[in-house]
Amino acid sequence: MVLISNFAIQGAQMLLVLLLAPLFTGYVRKVKARLLRRQGPPLFQPYRDLARLARKEVVLADSASWLFRIIPYLVFAAIWVAASLVPTFRTGLMFSWSADFIAIIALLGSGRFFLALAGMDVGTSFGGIGSSREVMIASLAEPAMIMIVFSLALIAGSTQLSTMAAFMASSAVGLRVSLGLALFALMMVAIAENGRIPIDNPATHLELTMVHEAMVLEYSGRHLALIELSGSLKLILYVSLIACLFAPWGIESAGAAVPTLAIGVAAYIGKLAVGGFLLGVFETSIAKMRVFRVAEFLGAALMLGLLATLLRFVSASF
Amino acid sequence: MSGINFDIAHFLAGTLVLVSFLELYQDRLYALLNVYAAHALVLAASVAWQAFVQDAPHLYVTAVIALVFKAIIIPVTLHRVIVRLGIHREIEKVVGVGTAMLAGMGLVALSMVVMLRVTQNADPLAREDLAFALSVVLLGLLMMVTRRNAVSQVVGFMSLENGLVLAATGAKGMPLVVEISVAFSILIAFIVIGIFLFRIRERFDTIDVQALDRFRGERR
Amino acid sequence: MLTIVLLCAAVLLVLAPLAVALAHRAAATQFVYGVSMIATAISLIAALTHLVAAASPENIVLPIGVPWLGSHLRLDALSAFFIVVIDLGAMTASLFALGYGRHETAPERVLPFYPAFLAAMTLVLVADDAFTFLLSWEFMSLTSWAMVMSHHRVPENVRAGYVYLVMASFGTLALLLAFGLLAGPDGLYTFAQMRAAHPSAVLGALALVLALIGAGSKAGLVPLHVWLPLAHPAAPSHVSALMSGVMTKVAVYGFVRIVFDLAGGPAWWWSIVVLALAGATTVMGVLYALMQHDLKRLLAYHTVENIGIIFIGLGLALAFKAHGMLFAAALAFTAALLHVFNHSLFKSLLFFGAGAVLTATGERDMEHLGGLIHRMPRTAFLVLIGCVAISALPPLNGFVSEWLTFQAILLSPQLPSWGLKLLVPSVGALLALAAALAAACFVKAYGVTFLGRPRTRAAEAATETDSYSLAAMFVLAALCLLVGILPGAFIDALAPVSSALIGEHMPTQIGAQWLSIVPIAASRSSYDGLLVFVFMTLSGTLAAWAIHRLASDRLRRAPAWDCGYPDASPATQYSATSFAQPIRRVFGTIVFRAREQVEMPPPGDTRPARLKVELHDLIWEAIYAPIAAGTSFAADRLNRFQFLTIRQFLTLVFCTLIVLLLVLAIWS
Amino acid sequence: MTLDGMAMNALLGVLVIPAVAAVLLAALPNYRATARLNVVATTLTLVCALSLFFAKPAPGSYFLVDDLNNTFIVLTTFVGWTTSIFSASYIGHELEIGRLTPRSVRFYHAMYQVLMFAMNLALIANNIGLMWVAIELATLTTVMMVGIYRTHEALEAAWKYFILGSVGIALALFGTILVYMAARPVVGEGLNAMVWSVLVTRASAFDPALLDVAFVFLLLGYGTKVGLAPLHAWLPDAHAEGPTPISAVLSGLLLNVALYALLRFKMLLAVNTAALAPGPLMVALGLLSLVFAAFMLYRRRDIKRLFAYSSIEHMGIITFAFGMGGPLANFAGLLHMTMHSLTKSAIFFAVGHVAQVKGTQRISDMSGLTETNPVLGWGLILGVAAIAGLPPLGIFMSEFLVVSSTFARAPLLALVLVFGILVAFGALLLRLNSIAFGEPRGAVGKTQASYVPMFAHLALVLAAGIYMPPALVAWFQNVAGLLG
């Protein structure tokens with residue numbers, strides 16, 4: 001019985017993030033549009049886009065290989081698995097122990113690895129630009145992320161997201177310098193990883209400064225749909241990550257009864273709304289930076305993370 | 001051994017050192033040869049004296065060799081060689097006479113210091129003799145390294161060897177002395193012939209760099 | 001078991017002279033590699049049984065070597081584990097060479113040394129006295145040197161061989177000093193005696209430094225790594241695989257044997273030295289690799305990086321051991337050993353791939369390759385697995401060992417000493433940085449070599465490699481996946497090693513729920529490669545099925561879109577150099593004093609624009625160039641003594657005499 | 001006939017056979033016959049030397065056979081034997097190309113035997129005067145042979161060797177006289193005061209000061225023959241310009257003989273506690289020679305000169321080892337000495353053939369030897385690997401023992417030693433690479449080389465590196481004990 005309910009909850013979580021992801025993307029777009037005094041596309045536009053893309057036929061470059069065709073599925077799988085292991089409305093998910101925080105980062109890493117390969121596959125100059133810039137950004141973002149993990153794990157005494165979230169929700173945390181630094185770094189990394197302004201602009205094409213879009217330039221049809229979907233999944237993943245670590249309120253602990261779960265879900269959706277709004281505000285209020293400024297931006301994130309970790313190492317009171 | 005014998009032996013050895021200094025002082029080849037003859041003469045005398053005092057007749061042989069071979073034949077031959085090869089008569093020195101002299105003094109002092117450490121129970125004659133012999137040897141070496149002409153270097157080597165004979169004869173009852181002196185005479189003969197053969201190379205140290213490179217077989 | 005291992009080594013040693021005799025026969029290649037494969041397979045099984053059975057050490061003393069000493073041989077858990085690593089690599093390499101060796105131009109320059117090399121490595125691992133150890137150690141260098149010189153007509157290879165052997169004997173001399181120290185003035189050369197001697201702190205410290213120099217120079221620790229990227233690529237590919245994937249592990253073994261086993265209890269600052277070097281090695285190695293466009297050299301530099309990762313684990317183990325935190329020490333130590341195993345797997349796999357590419361195209365330079373995935377799909381697939389593994393991405397094996405290392409780092413705040421408190425997290429950051437950069441580097445390597453469009457005729461004409469090579473690569477790839485999804489079994493196999501050297505071992509992993517690994521406690525951290533793998537396959541196939549079923553599965557081939565700049569020329573693709581440009585901009589300017597200058601001809605001028613990139617190998621310029629210069633300066637100065645005149649030589653003699661006499665005079 | 005009598009005969013045989021052979025060879029005109037006779041003579045000598053193992057004659061006032069010189073005698077006669085085999089083919093080739101005339105070959109063979117005689121005499125002499133005479137004889141004969149080609153370089157080299165040698169002779173004699181002087185008050189006048197076996201028993205009572213001075217002179221005198229820097233000047237040229245068999249004998253044997261003489265006197269001083277320890281002097285000269293020669297190796301362009309300098313280097317190591325003393329170091333020194341003789345002569349065999357094939361001794365004119373003459377090339381590589389102390393060859397073991405035993409006693413010295421070894425290794429490898437590998441250059445003619453001696457030596461070196469027969473070991477250890 002318990003087993004089944006656990007399965008059910010795990011499945012619910014997977015579906016939840018999958019279904020919410022496009023909506024969240026649409027929501028952020030909407031927010032940005034409103035802030036720019038535009039009407040903006042309807043909230044559910046992303047779903048329509050995905051559906052249309054999925055129905056269209058795939059136009060594949062002559063020089064594309066078999067790898068190019070399976071990569072979208074690989075990327076989607078990696079990111080979906082990662083997203084389904086981040087506690088959203090309830091900790092102690094059934095399979096949460098199968099991959100801790102570090103493993104989740106690494107899963108995202110594999111997703112990026114394959115996407116970058118896809119950029120190189122067709123053998124076009126744009127794809128190359130995209131991939132090389134993507135790996136450059138990643139080479140700074142990942143260590144920063146690991147540092148953040150370190151500092152948080154040292155506070156919570158675990159790299160297990162459920163445990164960490166539970167600990168954060170408890171009163172034992174208190175306000176800590178390292179927490180602040182980690183949060184700040186995490187936000188910077190999240191922005192970079194999701195290719196948001198000021199690192200990259202998801203809404204542009206044919207611009208020499210684009211990164212993510214250049215990589216996936218050759219994709220079309222269902223492949224493109226999957227990649228768009230994984231993009232939204234990644235975004236929602238990061239937001240719920242920040243939510244569960246720094247705003248763990250309302251996350252139901254393991255073994256909570258079904259009706260109370262509804263509260264958890266509600267809280268989660270609330271957090272998403274806030275997070276999306278803040279993201280929109282941030283993006284509209286800042287200008288995109290030159291590609292090689294990104295290094296400094298992420299370098300700063302890395303330093304913040306390292307500082308947080310060092311503080312934790314030096315004394316447990318930080 | 002009675003005092004007088006000791007004194008004479010001592011005197012002769014001392015004279016040998018003195019003559020070595022004279023050699024060091026010369027700057028003409030002929031003069032040098034003459035001085036060397038004197039050197040050999042003194043050696044002969046001292047060896048003979050040793051033969052007498054130790055009543056070791058075989059030492060007379062050495063004395064005779066010294067007298068005939070070193071004091072007469074060699075100088076004459078070298079004289080010939082110089083004439084025949086038209087070696088010019090200047091002795092080319094690396095360092096000036098004065099410096100050489102000072103160095104010589106230093107060497108004599110050194111040999112004294114080294115030898116006088118020898119404890120008294122080794123008999124005094126041997127001790128003094130060794131001191132002088134060592135200084136003669138060192139002076140000979142000094143001469144070899146401060147002279148440029150082949151001939152004067154040979155003379156240096158020969159006076160070095162005189163020092164050895166002095167030591168050997170001074171060493172009472174040492175076997176093989178004669179054989180050794182003979183062997184050395186042959187050695188010297190070789191050297192003289194050598195110079196004769198190597199007439200192209202009047203000096204042991206040429207300043208001609210190409211020649212060096214050619215001969216050393218490097219840098220071809 | 002030991003006897004079996006020794007017999008296999010003996011067979012290999014006998015094989016060497018046979019190979020000399022047979023070298024010119026047609027069947028020689030098949031014969032030599034076939035026999036080597038069988039021999040290594042047998043001793044692999046023997047060592048594996050010894051390791052898994054956690055049997056007690058076995059000793060044998062042969063009446064050879066230093067006369068009054070004999071040659072002591074010993075098989076304990078540590079050597080058994082490393083023999084497994086060596087023989088696995090050797091076996092697959094021989095299998096690969098069964099096919100690859102056919103293309104060898106001068107087999108008589110490789111065949112005799114190959115089995116001798118394998119035997120030497122095995123003997124190093126079972127040696128139990130200093131003489132036998134060093135003998136086999138240097139013999140290993142010698143034989144591998146001979147194979148590096150096999151293509152001796154290429155001047156670079158000759159230079160590589162030179163640097164290699166000089167560095168090798170430098171390392172050997174350092175180890176010799178270390179052993180001389182541990183053995184003491186009356187020559188107690190057996191390891192048993194050294195263990196019994198319990199060296200003092202100072203002795204131990206000196207031994208550590210010397211071992212770091214000796215073993216480090218063989219393993220390729222920065223700054224002693226310079227020979228490695230020269231020598232490894234120069235050898236035939238299966239030998240490169242052995243040198244990179246396996247011989248460096250023998251060096252690690254040497255370090256572990258001396259520092260953990262012989263040198264007595266560690267002092268806490270040892271770990272500082274080791275960790276600092278290891279951190280530098282890790283990042284420098286991968287940065288060097290990123291700047292390469294020679295495939296095999298890139299792989300060689302990655303060996304440097306991975307050696308760094310291994311030494312990070314060892315350094316942590318030292319730190320924990322010094323502070324008596326044996327449990328954490330066991331974790332770090334196991335992580336290091338597991339990475340030893342993993343690296344031997346995927347590095348051999350990748351070098352085999354490079355070898356296959358080399359035989360198919362005759363090219364090592366990535367800038368002349370491309371699009372091979374179309375022409376050699378199987379190789380491409382297997383190499384891809386290797387790339388994912390070495391980039392430490394789940395669910396493959398590379399990630400597991402790095403994950404364990406991270407877990408060990410997370411335990412280190414309990415370390416009391418301040419130096420470590422500051423050093424360890426920075427090392428962790430370096431490790432993370434290296435991991436990310438490695439991924440970038442292999443995106444570059446794989447993308448430029450196998451993906452895109454062929455850049456030269458040679459790349460277009462490539463054909464799939466032979467079945468032997470494919471088999472060898474397949475075995476390794478399968479193992480990479482296996483270790484990735486079932487790490488628990490392998491960790492348990494390492495338990496006897498760590499309990500022998502650390503005195504403690506990680507909790508038994510088999511039996512944790514769903515075959516996950518739990519280094520400390522389930523609440524603290526756990527990872528389940530199997531489950532992640534299953535999840536990914538499930539969701540991937542699910543998505544594919546759903547879309548193909550519910551939406552469309554139609555597909556049309558067309559020219560590449562490329563934002564509407566259709567350009568047929570493959571020259572417009574991103575090259576390896578251009579791919580590395582952003583990272584070069586970010587890191588290279590400091591680490592390599594990288595300078596880029598662009599010559600842009602004025603409008604109307606038809607000359608092509610040129611981009612010149614200038615890189616400096618600062619380590620070479622700072623350390624090795626001065627040494628070379630100094631040597632030749634001294635040689636020139638002293639060489640004047642060859643050209644003195646007889647008189648001047650006499651003067652030398654005279655002066656010596658005077659000096660000695662003066663000594664006498666002053667003495668009294 | 002009694003065992004002792006047999007031993008006495010063997011002893012005489014070692015001397016008489018070469019002497020007789022020398023006379024015969026001087027007389028016989030025919031080349032083939034003389035070459036054969038040469039080999040036969042050396043073979044017989046070897047047999048006699050070997051028989052000395054089984055029965056040693058009682059020490060007389062002139063002759064002495066103990067473990068120490070037994071080692072050297074056997075080594076000398078053995079290398080002399082193999083070298084005579086090698087020289088048969090080598091000199092044959094020299095005759096063909098007309099570098100040597102039949103007359104000079106006769107002279108050469110005669111001199112070869114005289115040299116053997118002199119060296120054996122020096123080794124078994126119990127009388128320090130006799131020993132001196134013998135070594136000088138050996139020197140003079142080698143002078144003759146070095147000059148045998150009558151080329152300008154050869155004469156130059158011979159002349160230099162001659163002059164420096166003579167000075168060495170003089171110094172050594174002075175030292176000998178001093179030893180006599182030291183001995184006389186204790187032992188009494190006459191022959192006994194020069195008999196080593198007597199001296200060594202009474203040396204403790206000798207006047208230390210005299211012994212000190214004596215040792216300084218002997219060190220310089222015989223050190224000149226050993227080729228220790230800075231007394232080495234004659235050695236490279238003599239090796240380079242003489243016929244290769246002589247280079248082999250010089251490096252392999254004569255240097256050893258001179259060092260042997262030094263060791264005898266070192267043992268004298270070791271007995272006398274008041275005298276200064278000879279060790280430090282030998283250590284200093286040894287290290288100096290090692291480091292100096294190591295750097296000199298880098299600028300060599302002539303292949304024979306290259307290996308001549310490597311001989312200086314190894315003599316340095318050996319002297320260092322004996323200077324350090326102690327069972328381990330002495331054992332290592334003896335082993336190193338034996339291994340060096342075998343290896344270096346093997347290398348010179350190879351080099352001789354290489355020079356004949358390529359028609360030059362210039363390293364820059366020979367390249368890719370493993371392509372053009374594989375057997376020769378790999379033989380040379382093996383030889384250089386051995387001389388560079390790479391396993392599993394013998395010198396590795398001796399260097400292992402020297403370095404490891406020294407480091408525990410005098411770390412700094414060991415560091416210098418290691419430094420020198422490494423520098424030398426770098427130079428040797430550099431040259432080896434350019435000779436054995438790379439695009440083949442120079443003439444690629446074949447030669448009727450006799451590879452047997454070379455590979456015989458290398459096989460021995462290899463065997464010794466892995467397994468040493470207990471008899472040999474016991475014997476070395478005994479000698480090491482004698483050396484103190």
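Reader: Which chains share the most contacts?

Author: In this predicted model, chains A and C share the most contacts of the 4 pairs of chains that touch. On one side stand 72 residues of chain C, and on the other 73 residues of chain A.

Reader: Which element gives the largest share of the side of chain C that touches chain A?

Author: Helix 17 of chain C does, with 15 residues. Other elements of chain C that supply at least two residues include helix 16 (397-411), helix 21 (529-550) and strand 3 (555-558). By class, that side of chain C holds 45 nonpolar, 18 polar and 9 charged residues.

Reader: How do you know that chain A and chain B do not touch?

Author: A contact needs two C-beta atoms within 7 Å. The nearest C-alpha atoms of chain A and chain B are 54 Å apart. Chain A and chain D do not touch either, their nearest C-alpha atoms being 40 Å apart.

Reader: How many residues does chain D bring to its contact with chain C, and which helix of chain D gives the largest share?

Author: Chain D brings 49 residues and chain C brings 49 residues. Helix 6 (152-187) and helix 8 (208-226) of chain D are among the elements that give two or more residues to this side. The largest share, 10 residues, comes from helix 17 of chain D. The side of chain D that touches chain C has 39 nonpolar, 5 polar and 5 charged residues.

Reader: What makes chain D as compact as a globular protein of its length?

Author: Chain D has 19 helices and 0 strands. The globule rule gives 23 Å for 484 residues, and the radius of gyration of chain D is 21 Å; the two values are close, so chain D is as compact as a globular protein of that length. Its C-alpha atoms fill a box of roughly 65 × 55 × 45 Å along the principal axes. Of the 484 residues of chain D, 68% count as buried. Among contacts in chain D with a separation of 6 or more, 82% come from residues 24 or more positions apart.

Reader: How does the radius of gyration of chain A stand against that of a compact globule?

Author: A compact globule of 318 residues would have a radius of gyration near 20 Å; chain A has 19 Å, so the value agrees. The box filled by the C-alpha atoms of chain A is roughly 55 × 45 × 45 Å. Buried residues make up 62% of chain A.

Reader: Why is A:Ala214 called buried?

Author: The cut-off for buried is 20 or more other C-beta atoms within 10 Å. A:Ala214 has 27 C-beta neighbours inside that distance, so A:Ala214 counts as buried. A:Ala214 lies in helix 8 (residues 212-215) of chain A. Beyond four places away in sequence, A:Ala214 touches A:Gly119, A:Phe126, A:Gly127, A:Ile129 and A:Gly130. A:Ile129 is 85 residues away along the chain, yet its C-alpha atom is 7.0 Å from that of A:Ala214.

Reader: Why are helix 1 and helix 9 of chain A called roughly perpendicular?

Author: Helix 1 (residues 2-35) and helix 9 (residues 221-246) of chain A pack at about 90 degrees, with axes 8 Å apart. Angles of 65 to 115 degrees count as roughly perpendicular, and the two helices are therefore roughly perpendicular to each other. Helix 1 of chain A contributes residues including A:Val17, A:Leu20 and A:Phe24, and helix 9 of chain A contributes residues including A:Leu229 and A:Ile236. The residues of this contact divide into 9 nonpolar, 2 polar and no charged.

Technical notes. Residues numbered from 1 in each chain as written. Chains lettered and ligands numbered in written order. Predicted model: local features only at pLDDT ≥ 70, side-chain atom pairs only at ≥ 80, totals over all residues. Helix = DSSP H or I, 4+ residues; strand = E, 2+ residues; numbered from the N terminus. Buried ≥ 20, exposed ≤ 12 C-beta atoms within 10 Å, placed from the backbone. Rg over C-alpha atoms; globule rule 2.2 N^0.38 Å. Nonpolar A, V, L, I, M, F, W, Y, C, P; charged D, E, K, R; others polar. Axes fitted to C-alpha atoms, helices over the stretch in contact; angles between N-to-C directions. Parallel < 35°, antiparallel > 145°, perpendicular 65-115°, else oblique.
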